[in-house]
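Reader: I have a structure open and would like to go through it with you. Can you take my questions one at a time?

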Amino acid sequence: MNEDVRNETPNESTSGPASPALTWPGAVAADGVWSNVAAHYGDPLREQKMLEDGVGAVDLSSRGVVRVSGPDRLNWLHSMTTQHLATLAPFTSTQALVLGPKGHVEYDLHVVDDGERTWITTDPGKAAGLAEFLERMRFMLRVEVEDLTDSYAVIGEPTAAPSTPEELRERGVIAWVDPWPRMGEDSADYSGGVEHPGADWAWREIVVPRERFVEEFGDRAPVGLWALEALRVNAWHPDGLAEVDHRTIPHELDLLRTAVHLHKGCYRGQETIARVHNLGRPPRRLAFVHLDGSGHTLPDVGADVTVAGTERPVGRLTSVARHHVDGPIGLVVLKRSTPVDAELYVGGVAAAQTPIVQP
């Protein structure tokens, strides 16, 4: 059964050293780019309930950590990303994307500034490429870029409490609070204004020196990646690796709501953002699926999605999990033309879809 639902993309490797928590009782390693952290600690369904109750923490030390310092850092990052960062206040969190020239998502950035340095966490295997890209764009600006993945780890916890100067001063940690699914200052909702299942989503990542990881993580109940994935999928929350491929544009995943400022000025890929938002609809759309749970296995991430009675794929399965209440669930990226009432099959398993991005 493939329940490690994080999608590994080609040419990526694990990020950072193996976590000490992999030696803890019950720990079972995840696969692919997440293989240096635990998928679960023996009871993934119970671990889901712990997160829902606001307790426990998830080892995310596969995530990359990049730090940018220097007086020009915010204006510089503002000029290269989809988000309005020029006036980002200290200890305020936001999400930003780095796009390719044609508007395809290249990097998903979790950003928080401490007043002197900007801290960025990004997906496993992505930090080195991000740091290299930023270095190429420095020119004569007063900025310094550091890939700190080997010296800092990331821990996730089910709270939306903002980061504070005291945490940084007393414990050496800074926290990024996930904005999902709250609308940004100048953003757009592609879900059609429906009641969002992620309305109660509360999540943050703390960035901690690796020498303090055991101290920070060890006094909490450990929760594995599978539990977090199930709750993420149930909250319609796209992931920077799982749902993104080489041709993803933000509109397809409803990422304009949290990661794109629509009137912030010029940046690479902005033309695609504006054109699709103002003149059309994205070629693909994200959808949530309930999967037939009568079998004992889940379809693999990457499995083709087909319409009943046809063989030609209309999309692919990007994330899959077992939810402690709703059973087998997943996220799929479909062709926009796929009817919302179509009877779908995912890797041969019957599936009922709920549109996230409206066609």
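**Helix α2 and onward**

Author: In helix α2, the buried residues are Arg73, Leu74, Trp76, Leu77, His78 and Met80. Buried means under 20% relative accessible area, exposed over 50%, and partly exposed in between, with a 1.4 Å probe and protein chains only. The model is predicted: local features need pLDDT of at least 70, side-chain atom pairs count only at pLDDT 80 or more, and totals for chains, interfaces and linings use all residues. Residues are numbered from 1 along each chain as its sequence is written, and side-chain values use heavy atoms, leaving out hydrogens and water.

Reader: How many residues of α2 are buried?

Author: Six of its eight residues, so helix α2 (residues 73-80) is mostly covered. Helices (H or I, at least four residues) and strands (E, at least two) are DSSP runs, numbered from the N terminus.

Reader: What do the buried residues of α2 pack against?

Author: They pack against the strands β4 (64-69), β5 (93-99), β6 (105-113), β7 and β8 (144-147), and against helix α3 (127-136). Contact here means heavy atoms within 4.5 Å.

Reader: OK, zoom out. How many helices and strands does the chain have?

Author: The protein chain has eight helices and 18 strands.

Reader: How much of the chain is buried?

Author: Buried residues make up 57% of the 359 residues. The chain exposes about 14,500 Å², and carbon and sulfur atoms supply 51% of that area. Accessible areas come from the Shrake-Rupley method with a 1.4 Å probe; for residues, only the protein chains shown count as cover.

Reader: What share of the contacts is between residues 24 or more positions apart?

Author: Among contacts with a separation of 6 or more, such residues account for 72%.

Reader: Now the sheets. In what order do the five strands of the open sheet come?

Author: The order is β10-β11-β9-β3-β12, and the pairing is mixed. The edge strands are β10 (174-177) and β12 (222-223), each pairing on one side only. Two strands pair if DSSP finds at least two bridges between them.

Reader: How do β3 and β12 run, parallel or antiparallel?

Author: Strand β3 (residues 57-59) and β12 run parallel, joined by two bridges. Ala57 has Pro222 in β12 as its bridge partner.

Reader: What about β14, which strands does that pair with?

Author: Strand β14 (residues 304-307) is joined to strand β15 (residues 315-323) by two bridges, and the two run antiparallel. There, Val305 has Gly315 as its bridge partner. β14 also pairs with strand β17 (residues 344-346) in the antiparallel sense, over three bridges.

Reader: Which charged ends sit over rings?

Author: The charged end of Lys126 sits over the ring of Tyr107, 5.7 Å from its centre. The charged end of Arg257 sits over the ring of Trp180, also 5.7 Å from the ring centre. The rule asks for NZ of Lys or CZ of Arg within 6 Å of the ring centre and within 35 degrees of the ring normal.

Reader: Last one: where is Val289?

Author: Val289 is in strand β13 (residues 284-291), and at 0% relative accessibility Val289 counts as buried. Leaving aside neighbours within four places in sequence, its contacts include Pro328, Ile329 and Ala351.
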